[in-house]
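The sequence and the model are shown first.

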Amino acid sequence: MPRLTVNDRAVEFRLDPQTPLLWGLRDAANLTGTKYGCGSGDCGACMVLVDGQALRSCLITLGEAEGRVVTTIEGLSPDRSHPVQQALVAEQAIQCGFCTPGIAMSAAALLARNADPSVEDIKAAVPNLCRCGVYPRLVRAVQRAGRMMRRVETISAAPAPGVTPEDAARAVPAMKGE
């Protein structure tokens, strides 16, 4: 039974060690923020951090993850306060949202190593595919998140962590229920 740490919790998966980490996370741990996209490692929708490194969870087995520390989008920042999450919203770099968790994890891994990446650094470290084509805004968002991490900038446009739907509805009249 593969044992690993997922989002700061010790977990033992009662699954075949050859099961892709993606399915352990989604099906056994109910961490559905990690998306299944292509199943062949091309799209990056299933990106998670394994020992701080961005890896495609469809390509690593539970057995290969044994003893390692895995962080999913749910563990990156449950209250949406991570600079990458804030910057993606502020730069409107989210369209349909399907690829966003994988993009956020790739960007977070990059910024943990280099909080002042060049455009080339970002393109190399965030290989995720986005059918909506948010790439120019994505680059701006990662650069902005880096500035936040360096404490050069703050974001006031993104929703504050912990905003309830009710509070959001009060702030945005179009969201008010009948």
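## Sheet

Strands β1 (residues 3-6) and β5 (residues 69-71) run parallel and are joined by two bridges. Within β5, V70 is the bridge partner of V6. Two strands count as paired if DSSP finds at least two bridges between them. Helices (H or I, at least four residues) and strands (E, at least two) are DSSP runs, numbered from the N terminus.

The model is predicted: local features need pLDDT of at least 70, side-chain atom pairs count only at pLDDT 80 or more, and totals for chains, interfaces and linings use all residues. Residues are numbered from 1 along each chain as its sequence is written, and side-chain values use heavy atoms, with hydrogens and water left out.

The open sheet has five strands in the order β2-β1-β5-β3-β4, with mixed pairing. Because β2 (9-12) and β4 (53-56) stand at the edges with a single partner strand each, one side of each has no neighbour in the sheet. On average, neighbouring strands are turned by 40° against each other, direction ignored.

## Helices on the sheet

Helix α1 (residues 21-28) lies across β1, β3 (47-50) and β5, at about 105° to β3. α5 packs on the sheet, where it touches β3, β4 and β5, and its direction makes about 35° with that of β3. Contact means heavy atoms within 4.5 Å; axes are lines fitted to C-alpha atoms, for helices over the stretch in contact, and angles run from 0 to 180 degrees between N-to-C directions.

## Helix α7

The buried residues of α7 include L138, V142 and M148 (buried: under 20% relative accessible area, 1.4 Å probe, protein chains only). They pack against α4 (83-90), α5 (100-113) and α6 (119-125). After α7 comes R151, with a positive phi near 65°.

Notes: Buried < 20%, exposed > 50% of the residue type's maximum accessible area, 1.4 Å probe, protein only.
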